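Good morning, and thank you for coming. I would like to take you through one protein structure, beginning with a detail and then widening the view.

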Amino acid sequence: MAEMGSKGVTAGKIASNVQKKLTRAQEKVLQKLGKADETKDEQFEQCVQNFNKQLTEGTRLQKDLRTYLASVKAMHEASKKLSECLQEVYEPDWPGRDEANKIAENNDLLWMDYHQKLVDQALLTMDTYLGQFPDIKSRIAKRGRKLVDYDSARHHFESLQTAKKKDEAKIAKAEEELIKAQKVFEEMNVDLQEELPSLWNSRVGFYVNTFQSIAGLEENFHKEMSKLNQNLNDVLVNLEKQHGSNTFTIKAQPSDNAPAKGNKSPSPPPDGSPAATPEIRVNHEPEPASGASPGATLPKSPSQPAEPLEVAGGTQPGAQEPGETAASEAASSSLPAVVVETFSATVNGTVEGSSGAGRVDLPPGFMFKVQAQHDYTATDTDELQLKAGDVVLVIPFQNPEEQDEGWLMGVKESDWNQHKELEKCRGVFPENFTERVQ
C-alpha cells in the first residue's frame with residue numbers, strides 16, 4: 001500500500017509540473033500577443049543585464065589567465081632545457097661548474113614557485129569568484145518562471161471576478177492561489193534584488209586584488225631571476241678570463257629564410273680565423289687570382305675592360321650595375337657554383353624570401369607567417385590546436401572588433417595546403433605561443 005501511495009504521489013507531482021508548464025506557456029503566448037499584461041521591473045532587468053555582463057567579463061578573464069599560466073609553464077620548460085644544455089656542455093674541469101649547477105637548480109625552483117603561486121593566488125580565486133554565478137543564474141531563471149505563475153494566477157482571478165456568472169467558490173480558490181503565487185515570487189525577488197547589486201559592486205575589488213597579486217608575483221619573480229642571471233654571468237665571466245685566449249667570436253651568417261636586416265654589418269671576426277675572409281658579391285667578372293687583395297681590380301682581358309669587385313662594406317668606384325642576366329656569364333665563369341647560383345638568383349629576383357608576384361597558393365588577405373614555439377591546446381571550437389613547429393598563415397579578422405588583444409587569426413599551412421578552404425581551417429590562437437618567421 002505504501003508503494004502504491006508513493007507512486008500515486010509521484011504521478012500526481014509529475015502531472016502538476018506538466019500543468020504548470022502548460023499554464024506558463026499559455027500565459028507567455030497571451031503576453032506576447034498583447035492580450036495579457038506582464039509585470040515589469042526595469043530596475044531588476046538592469047541588474048540582470050549587469051549580471052550577464054559581469055559573467056561574460058569574468059569568463060574571459062579566466063580564459064586569458066589560463067593562457068597566461070600555460071605560457072609560464074612553457075617558458076619554465078624551455079628555461080629548464082636550456083639550463084640542462086649548459087650543464088651538459090660545462091666540462092668538469094672548468095671553474096664554476098658547481099655554481100652553474102646550483103644556479104640551474106634554483107632557476108627551476110623559482111619557475112615552479114612562480115607558477116604555483118599564480119595558481120593559488122589568482123586562478124583559484126578566479127574559479128571561486130565565477131563559482132557563484134551558476135546558482136544565481138539558476139535563481140534568476142526560476143524567478144522568471146514564478147513571475148509568469150503570479151501573472152497567470154492574477155489574470156485567472158481577475159477573469160473570474162469580471163465574469164457575468166460568478167462562482168464564489170472558484171473565486172475564493174483563485175484568490176488563494178494568487179496569494180500563494182505572489183508570496184513565492186516576492187520571496188525570490190527580494191533576495192535577488194539584494195544580491196545582484198552587491199555582486200555587481202564586488203567586481204571592482206576582485207579585479208583589483210587579482211591584478212595586484214599577478215603584478216606583485218611577477219615583479220618578485222623577475223627580481224629573483226635577475227639575481228640568478230647576474231650570478232650566472234659572473235660565473236661565465238670568470239670562465240672567460242681563464243680561457244680568454246680561446247675566445248671564439250661568431251660572425252652573423254645570412255639566412256635564406258631570414259628577412260633583410262638593413263645595412264647594419266656584423267662585427268668582423270679575429271684575423272686569421274676561417275671567417276676572416278671578406279664577403280664578396282660578384283657582378284660578373286671571373287674570380288681574382290690567388291693572393292689578390294680584397295679591393296684589387298681583376299686583370300684585363302684583351303677584349304674587355306677590367307671591372308672591379310664589389311666587396312662587403314662598399315662598391316669600388318666604377319662598379320657596373322647588375323643589369324644583365326647571369327646565366328650566360330656564369331656558364332663561362334670560373335667562380336664557385338654556390339657564388340654563381342646566388343648571383344643568378346639575385347639578378348633574376350628569385351632569392352627565397354623576397355616578395356614576388358603570383359603567390360596564389362596563399363589564403364586571401366595573407367599577412368605573414370608565424371611558427372609555433374610551444375604546444376597550445378585549444379579550449380574553444382574557434383581556436384587552433386598547435387604543436388611546436390607548426391607554421392601558421394596569419395590572416396585578418398573578418399570583423400576587426402572581434403579581435404582580442406594578444407590573439408591572431410590564421411590557418412595552419414598544412415591544413416591550407418590540403419583543403420584550401422578557410423571556413424574549415426581558420427581559427428584564433430595566442431600570439432605569444434608563436435614567433436614570426438616571414
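Which residue of β6 stands opposite I395? The residue is M409. Before I go on, please note that this is a predicted model, in which local features need pLDDT of at least 70 and side-chain atom pairs count only at pLDDT 80 or more, while totals for chains, interfaces and linings use all residues. Residues are numbered from 1 along each chain as its sequence is written, and side-chain values use heavy atoms, with hydrogens and water left out.

Let us stay with the strands. Helices (H or I, at least four residues) and strands (E, at least two) are DSSP runs, numbered from the N terminus. Two strands are said to pair if DSSP finds at least two bridges between them. In general, strands of a sheet pair through backbone hydrogen bonds, either parallel or antiparallel.

Consider β5 and its partners. Strand β4 (residues 368-372) is joined to β5 (residues 391-395) by 4 bridges, and the two run antiparallel. Within this pairing, F368 faces V394 of β5, and K369 stands opposite L393. β5 also pairs with β6 (residues 407-412), again in the antiparallel sense and over 4 bridges.

Is β5 mostly covered or mostly uncovered? It is mostly covered, since 4 of its 5 residues are buried. The word buried means under 20% relative accessible area, exposed means over 50%, and partly exposed lies in between (1.4 Å probe, protein chains only).

I turn now to the helices. What is the angle at which helix α3 and α5 pack? Helix α3 (residues 97-131) packs against α5 at about 175°, and their axes are 10 Å apart. These two helices are therefore roughly antiparallel to each other. The cut-offs are as follows: under 35 degrees is roughly parallel, over 145 roughly antiparallel, 65 to 115 roughly perpendicular, and the rest oblique. The contact of α3 with α5 comprises 17 nonpolar, 7 polar and 5 charged residues. In this division, Ala, Val, Leu, Ile, Met, Phe, Trp, Tyr, Cys and Pro count as nonpolar, Asp, Glu, Lys and Arg as charged, and the others, Gly among them, as polar.

Helix α3 has a contact with α2 as well. The axes of α2 and α3 come within 10 Å and cross at roughly 170°, so α2 and α3 are likewise roughly antiparallel. By class, their contact has 18 nonpolar, 11 polar and 6 charged residues.

My next topic is charge. How many salt bridges does the structure hold? There are 16, a salt bridge being a side-chain nitrogen of Lys or Arg within 4 Å of a carboxyl oxygen of Asp or Glu.

One of them joins R60 and D64, at 3.6 Å from N to O. Both residues lie in helix α2 (residues 42-89), 4 residues apart, which is about one turn of the helix. R60 is partly exposed, at 43% relative accessible area, and so is D64, at 31%. Together with D404, R60 and D64 are linked in a network of salt bridges.

Two further examples belong to helix α5. E219 forms a salt bridge with K223, with the closest N and O atoms 3.7 Å apart. These two residues of α5 (residues 168-242) are 4 residues apart, so about one helical turn separates them. E219 is partly exposed at 45%, and K223 is partly exposed at 47%. The side chains of K227 and E224 also meet in a salt bridge, at 3.7 Å from N to O. They are 3 residues apart in α5, again about one turn, and E224 is partly exposed at 39%.

Finally, the cysteines. A disulfide is counted here when a pair of cysteine sulfur atoms lies within 2.5 Å, and by this rule the count is 0. C47 is buried, at 11% relative accessibility, whereas C85 is partly exposed, at 41%.

Technical notes
Axes are lines fitted to C-alpha atoms, for helices over the stretch in contact, and angles run from 0 to 180 degrees between N-to-C directions.
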